[in-house]
Amino acid sequence: RVPQERMDEEVKRHIDLHVKYFPRTLLCISDDVSGPSNRTGNYPLLYYARAKGVTLRDDSILVQPPPNSWYHADQAARYWPTLPVILEHEHYGSSVDRKAWDPALLLKSVEDYRASYLSIHWWPQELLEKNREAVDRINLRLGYRLQLRDITLPKSAKVGEWFDVSWTWANAGVAPCYRGGFPALTLKDDKGGLVAVLVEDGLDVKGLPVGAPGAAAPSTKASRFRAGLVAPTTRAGEADVFVSVGRRDGTPEIALPMAGDDGARRYRVGRMALR
């Protein structure tokens, strides 16, 4: 039998090798590395991996009936503020046979771990059909969910002069938007051409706080923009206004739970006149 100390050193060596040769890849490690049912509070290999920037994946939950549905949600707090946590549940059919499956517990696991990813084990269509309500609720909470709660736009603005915008954002998910992003307004003419792309780089959505369901604290930002200060020449006329979240240069990157998508992750929120 290999001594535990020797096993631990080998695991650390593997962690070091992965960190060295995959420097731009998000790495994760199974919670089982410190013992599948270990509840002692002593997880040296998990601590070692976390210190190296390796995140947590719980393999698997809902294997055993309550109260042993999962063991290491307490460790998620070490990860989720800066790294996405990953969950995987037991094979659905096997979990049902053991009377370990409970859709409410699956949702609770996402909340307790503040999970960004949830891997499923079973035929996807069957699992979805038999757990539709839970899946729908999980989809509203898993990872981040950026919401534009309110926006106030002027009815008109003079070309080249400042105008004010107030918008309120919230993250209704369980976890931060780790990649971050910046809100932008895009003005389009009646032919769909881009008139102006205006970015609020003073608000990174990565910093939006998360909370319990329905309790995410909104963040209101007062912004000042102007269209047509420099080339190309901006003509007076009506413009459709779109909102997006993405890079500092205004390139949309993040899908939002909004109607009015132009096909490029910009969402129409109104219309204003350029004088």
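This is a predicted model: local features need pLDDT of at least 70, side-chain atom pairs count only at pLDDT 80 or more; totals for chains, interfaces and linings use all residues.

Q: How much space lies in the largest pocket?
A: About 280 Å³.

Q: How many residues line the pocket, and which lie nearest its centre?
A: The lining has 14 residues. Nearest the centre are Asp189, Val195, Thr233, Thr234 and Arg235.

Q: How does the lining of the pocket split by class?
A: It has 6 nonpolar, 3 polar and 5 charged residues.

Q: OK, helices now. At what angle do H1 and H2 pack?
A: About 20°, with the axes 10 Å apart. H1 is residues 4–21 and H2 is residues 44–51. An angle under 35 degrees counts as roughly parallel, so H1 and H2 are roughly parallel to each other.

Q: Is the crossing of H1 and H2 right-handed or left-handed?
A: Right-handed.

Q: Which residues make the contact?
A: From H1, Asp8, Val11, Lys12, Ile15 and Asp16. From H2, Leu45, Tyr48 and Ala49. By class, the contact of H1 with H2 has 5 nonpolar, no polar and 3 charged residues.

Q: And what about H5 and H7, what angle and axis distance there?
A: H5, residues 103–113, packs against H7, residues 132–139, at about 10°. Their axes are 9 Å apart. H5 and H7 are therefore roughly parallel to each other.

Q: Who touches whom in the contact of H5 and H7?
A: H5 uses Pro103, Leu106, Leu107 and Val110. H7 uses Ala134, Arg137 and Ile138. The residues of this contact divide into 6 nonpolar, no polar and 1 charged.

Q: Where do Ser60 and Pro67 lie?
A: Ser60 is in strand E2, residues 55–61. Pro67 is in the loop between E2 and helix H3, which is 73–76.

Q: Which residue has a positive phi although it is not a glycine?
A: Leu62, at about 60°. Leu62 lies in the loop between E2 and H3. Most residues other than glycine have a negative phi.

Methods
Residues are numbered from 1 along each chain as its sequence is written. Side-chain values use heavy atoms; hydrogens and water are left out. Axes are lines fitted to C-alpha atoms, for helices over the stretch in contact, and angles run from 0 to 180 degrees between N-to-C directions. Helices (H or I, at least four residues) and strands (E, at least two) are DSSP runs, numbered from the N terminus. Angles under 35 degrees count as roughly parallel, over 145 as roughly antiparallel, 65 to 115 as roughly perpendicular and the rest as oblique. Contact means heavy atoms within 4.5 Å. Ala, Val, Leu, Ile, Met, Phe, Trp, Tyr, Cys and Pro count as nonpolar, Asp, Glu, Lys and Arg as charged, and the others, Gly among them, as polar. On a 1 Å grid over the protein atoms alone, a cavity is a set of points where a 1.4 Å probe fits but cannot get out, and a pocket is an open set with protein on both sides within 12 Å along at least five of seven lines; lining residues have an atom within 4 Å of a point. Grid points are joined across faces, edges and corners, and a volume is the space filled by probe spheres set on the points. A crossing is left-handed if the near helix is turned anticlockwise from the far one by less than a right angle, and right-handed if clockwise.
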